[in-house]
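Reader: I have a structure here that is new to me. Can you walk me through a few parts of it?

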Amino acid sequence: SPGAKVGGAEMQIRHLATALARRPGWRAHVIVEDAGQPDREQIEGVTLWRLHQPPERGSAAGRAWRRLASGAGLWQLARRIGADVYVQFCAGVETGLTEHAAHAAGKRFVYMMASDLELTPPWSRGGGIAGRLFRRGLRRADLVITQQEEQWAGVRRVYGRESVMLPSVYPFPPQMPAAGEAVLWVGRCTRVKSPERFLELARALPRARCIMVALPTAEEPELFERIRR
């Protein structure tokens, strides 16, 4: 939807869904947020289902009710779609809800890890209902997918689960950029994004034009200042 935050996890879901939809005999469905679009539409061969969101409420009780109603809607919509395999990306209450919907229907559930932060609090312990549902869903998953060796080892250490390592991918463009064009890094300036690695790359390629668009965060302002200097 316009103004929605889109990052690597969303792009991975898009690439996975469209690739599956192109395979003969496969049907791909994705549950998406409520942006006022039709309840169901098809884009690039993928069926998109709108998850209806209750209206915003200002009070704490109202916000809790909205989260509860949204979670119940997600569970019901997942069951309604009736998939053979359910895939969920990123830590959240959705992990436990999707796992429960899949297994209640006698189907398989795959959890795909999106960030190293999922190995740390509040997800690894605490975190209220969302944290507990996340851990339950991950531990009961039929398959856990991690992106690199540190995550693979971390899931085993923190959650006692084996996983399959599948690096995050991005398709090559039809035509590769011509030599001499810039190398661009864009992202939030947080430790989990490892912005220092881009500086190392720039030093290793002294003749390349390297451009960095690093967005400061309220949580780690000192990192942004260090990278800027």
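Reader: What stands opposite Trp185 in β9?
Author: Met212 stands opposite Trp185. This is a predicted model, where local features need pLDDT of at least 70, side-chain atom pairs count only at pLDDT 80 or more, and totals for chains, interfaces and linings use all residues. Residues are numbered from 1 along each chain as its sequence is written, and side-chain values use heavy atoms, with hydrogens and water left out.

Reader: How many bridges join β8 to β9?
Author: Strand β8 (residues 183-188) and strand β9 (residues 210-215) are joined by 6 bridges and run parallel. Two strands pair if DSSP finds at least two bridges between them. Strands are DSSP runs of E, at least two residues, and helices are runs of H or I, at least four, numbered from the N terminus.

Reader: Which helix goes with β8 and β9 in the β-α-β unit?
Author: Helix α6 (residues 195-204), and the unit is right-handed. That is, with the strands pointing away from the viewer, the path from the first strand over the helix to the second runs clockwise.

Reader: What about the loop between β8 and α6?
Author: Ser194 is found there. Ser194 has a positive phi of about 50° although it is not a glycine. Most residues other than glycine have a negative phi, and most peptide bonds are trans.

Reader: Which residues does the cis peptide bond join?
Author: Pro121 and Pro122, with omega about 5°. Pro122 is in the loop between β5 (108-112) and α4 (128-140).

Reader: Changing topic. Why does Gln12 count as buried?
Author: Because its relative accessibility is 15%. Gln12 is found in helix α1 (residues 8-21). Leaving aside neighbours within four places in sequence, Gln12 is in contact (heavy atoms within 4.5 Å) with Phe89, Ser168 and Val169.

Reader: How many residues of the protein count as buried, as a percentage?
Author: Of the 229 residues, 31%. The protein has 7 helices and 9 strands.

Terms used
Buried < 20%, exposed > 50% of the residue type's maximum accessible area, 1.4 Å probe, protein only.
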